Amino acid sequence: MITIRNNPERSRFEVLDADAVIGQAAYVDNVGEAQRIFYHTVISEEYGGQGLAGVLAAQALDETVDAGLKIVPVCPYIKKYLAKHPGYAANVLAPTPAHLEFVSAWLAQRVRQ
């Protein structure tokens, strides 16, 4: 059974087949700015072609908007998804160099932990 859940401890939305993580949409919350920066989306190759990335993106973006956060799409897949779903436009901020620096610093800090 395929399910999708937010795993805030790992800063990602996950696609699960039973208990196995088979995909994810990784993000960083820029809390002071009420923004969620999506930087990477992937589905395991053996699950490709089933539309799971789109289902994952929809749930991740819907939950982000419901949480009152703006969407910052750094991830190419999320950018592409948003281009095809203009209903999110009011909740999207274009990525800036500051967003990229924020993500890089956050990832570097996680590696050191």
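Good morning, colleagues. What we have here is a predicted model, in which local features need pLDDT of at least 70 and side-chain atom pairs count only at pLDDT 80 or more, while totals for chains, interfaces and linings use all residues. Residues are numbered from 1 along each chain as its sequence is written, and side-chain values use heavy atoms, with hydrogens and water left out.

I begin with the strands. Helices (H or I, at least four residues) and strands (E, at least two) are DSSP runs, numbered from the N terminus, and two strands pair if DSSP finds at least two bridges between them. Strand 3, residues 20-30, runs antiparallel to strand 4, residues 35-43, and eight bridges join the two. Within this pairing, Val-28 stands opposite Ile-37 of strand 4. The two strands form a hairpin with four residues between them, and Ala-34 in the turn has a positive phi of about 55 degrees. Strand 4 is also joined to strand 5, residues 70-73, by four bridges, and here the strands run parallel. Arg-36 has Ile-71 as its bridge partner in strand 5.

The structure holds three of them. In one, the side chains of Arg-36 and Asp-29 meet at 2.6 Å, N to O. For accessibility, buried means under 20% relative accessible area, exposed over 50%, and partly exposed in between, with a 1.4 Å probe and protein chains only. Arg-36 is buried at 6%, whereas Asp-29, at 29%, counts as partly exposed. Salt bridges with shared partners also join Arg-5, Arg-12 and Glu-14 into one network. Glu-14 meets Arg-5 at 2.7 Å, N to O, and the closest N and O atoms of Glu-14 and Arg-12 are 2.6 Å apart. Glu-14 has a relative accessible area of 1% and is buried; Arg-12 is buried as well. Arg-5, in turn, is partly exposed at 39%.

Next, the helices. How do helix 1 and helix 2 pack? Helix 1, residues 52-66, and helix 2, residues 76-84, have axes 11 Å apart and an angle of about 80 degrees between them. Axes are lines fitted to C-alpha atoms, for helices over the stretch in contact, and angles run from 0 to 180 degrees between N-to-C directions. The helices are therefore roughly perpendicular to each other, a label given to angles of 65 to 115 degrees, with those under 35 roughly parallel, over 145 roughly antiparallel and the rest oblique. Taking contact as heavy atoms within 4.5 Å, Ala-53, Gly-54, Ala-57, Ala-58 and Leu-61 of helix 1 meet Tyr-77, Ile-78, Tyr-81 and Leu-82 of helix 2.

Finally, two buried helix residues. Thr-64 lies in helix 1 and is buried at 0% relative accessibility. Beyond its neighbours within four places in sequence, Thr-64 is in contact with Phe-13, Arg-36, Phe-38, Leu-69, Lys-70 and Ile-71. Val-103 belongs to helix 3, residues 97-112, and is buried at 7%.

Notes. Salt bridge = Lys/Arg side-chain N within 4 Å of Asp/Glu carboxyl O.
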